[in-house]
Amino acid sequence: MSAAIGAMDGADTVIVDGRRSIQRPGMDNPLPIGQDGALAYPLSQSGGTASGVVQIVRRAVKTNLEAAAANPPLRLNGPFCQRNPGLRYPLAQGPMTRVSDQPAFAEAVARAGGLPFLALALMSGEQTGKLLAETAERLGDLPWGVGILGFADPALLASLSALDAVLVAHGVSDVE
């Protein structure tokens, strides 16, 4: 098992029985492990022990927090927020299917000061239109965005005319 984990690159997991796993020739059973399992071997080599790995993670967290505190763009109401009225934090919540395809979730993120993104995933034009209209109504002037799967079927992508219709209906002309 350790050889299989040590050889991981993060892109070699599959879903087996509803769990992200690694399965390789010669393995009797799939090993439930996330994509970040690819970090296990290098961390074990650097840390040497479980305690050593914990210390590496603690140092990384401390260093990143210090960098965030010292970096003006990451501050409350920083430059990104000033360019995007309604934001208090320069944070974008990434689109996540079955989580951020809910208007109430987008509203909660926006009202807390972040920038929500809806996950349009593989919704039909009708579903997309309903989701966008309800979100636009709930969020009013607060900023938000959408995530679209670029590899989706071209016919499905063509059905996203609902996006244009909602934008026009709400007077949005500045789309990035």
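## Close-up views of a predicted model

**View 1. Three strands make an open sheet in the order 1-2-3, with antiparallel pairing.** Strand 1 (14–16) and strand 3 (31–32) are the edge strands, each pairing on one side only. Strands here are DSSP runs of E with at least two residues, and helices are runs of H or I with at least four; both are numbered from the N terminus. Two strands count as paired if DSSP finds at least two bridges between them. In general, strands of a sheet pair through backbone hydrogen bonds, either parallel or antiparallel. The model is predicted: local features need pLDDT of at least 70, side-chain atom pairs count only at pLDDT 80 or more, and totals for chains, interfaces and linings use all residues. Residues are numbered from 1 along each chain as its sequence is written, and side-chain values use heavy atoms, with hydrogens and water left out.

**View 2. The hairpin of strand 1 and strand 2 has two residues between its strands.** Strand 2 covers residues 19–22 and pairs with strand 1 in the antiparallel sense over three bridges. I15 stands opposite R20 of strand 2. V16 faces R19, also in strand 2. D17 sits in the loop between the two strands. Its phi is positive, near 55°, and D17 is not a glycine. Most residues other than glycine have a negative phi. Is D17 buried or exposed? D17 counts as exposed because its relative accessibility is 78%. Buried means under 20% relative accessible area, exposed means over 50%, and partly exposed lies in between (1.4 Å probe, protein chains only).

View 3. Strand 2 and strand 3 run antiparallel, joined by two bridges. S21 stands opposite P32 of strand 3. I33 belongs to the loop between strand 3 and helix 2 (40–47). At 16% relative accessibility, I33 is therefore classed as buried. Which residues does I33 contact, leaving aside its neighbours within four places in sequence? They are I5, M8, T13, R20, S21 and I22. Contact means heavy atoms within 4.5 Å. I33 and Q23 are ten residues apart along the chain, and their C-alpha atoms are separated by 9.9 Å.

**View 4. V57, V61 and L65 form a nonpolar surface patch.** Together they have about 260 Å² of accessible area. V57 lies in helix 3. Its relative accessible area is 41%, so V57 is partly exposed. An α-helix has 3.6 residues a turn, so residues three or four places apart point the same way. Patch residues have over 30% relative accessible area and no salt bridge; like charges are joined within 9 Å, and nonpolar side chains (Val, Leu, Ile, Met, Phe, Trp, Tyr) within 5 Å. A salt bridge is a side-chain nitrogen of Lys or Arg within 4 Å of a carboxyl oxygen of Asp or Glu. Accessible areas come from the Shrake-Rupley method with a 1.4 Å probe; for residues, only the protein chains shown count as cover.

**View 5. N77 occupies the loop between helix 3 (50–70) and helix 4 (79–83).** N77 is not a glycine, yet its phi is positive, about 55°. N77 has a relative accessible area of 38%, so it is partly exposed.

View 6. E107 is found in helix 5 (residues 103–111). Its relative accessibility is 17%, so E107 counts as buried. Apart from neighbours within four places in sequence, E107 contacts R138 and L139. Helix 6 (residues 125–139) has 15 residues. How far does helix 6 reach from its first C-alpha to its last? The span is 21 Å, close to the 21 Å expected at 1.5 Å a residue. The expected span is 1.5 Å times one less than the number of residues. Its buried residues are G125, T128, G129, L131, L132, T135, A136 and L139. G140 follows helix 6 with a positive phi, near 55°.

**View 7. The whole chain, for context.** The chain has eight helices and six strands. Along the sequence, they follow the pattern α-β-β-β-α-α-α-β-α-β-α-β-α-α. Of the 176 residues, 30% are buried. Among contacts between residues at least 6 apart in sequence, 47% join residues at least 24 apart. The accessible surface comes to about 11,400 Å², and carbon and sulfur atoms account for 58% of that.
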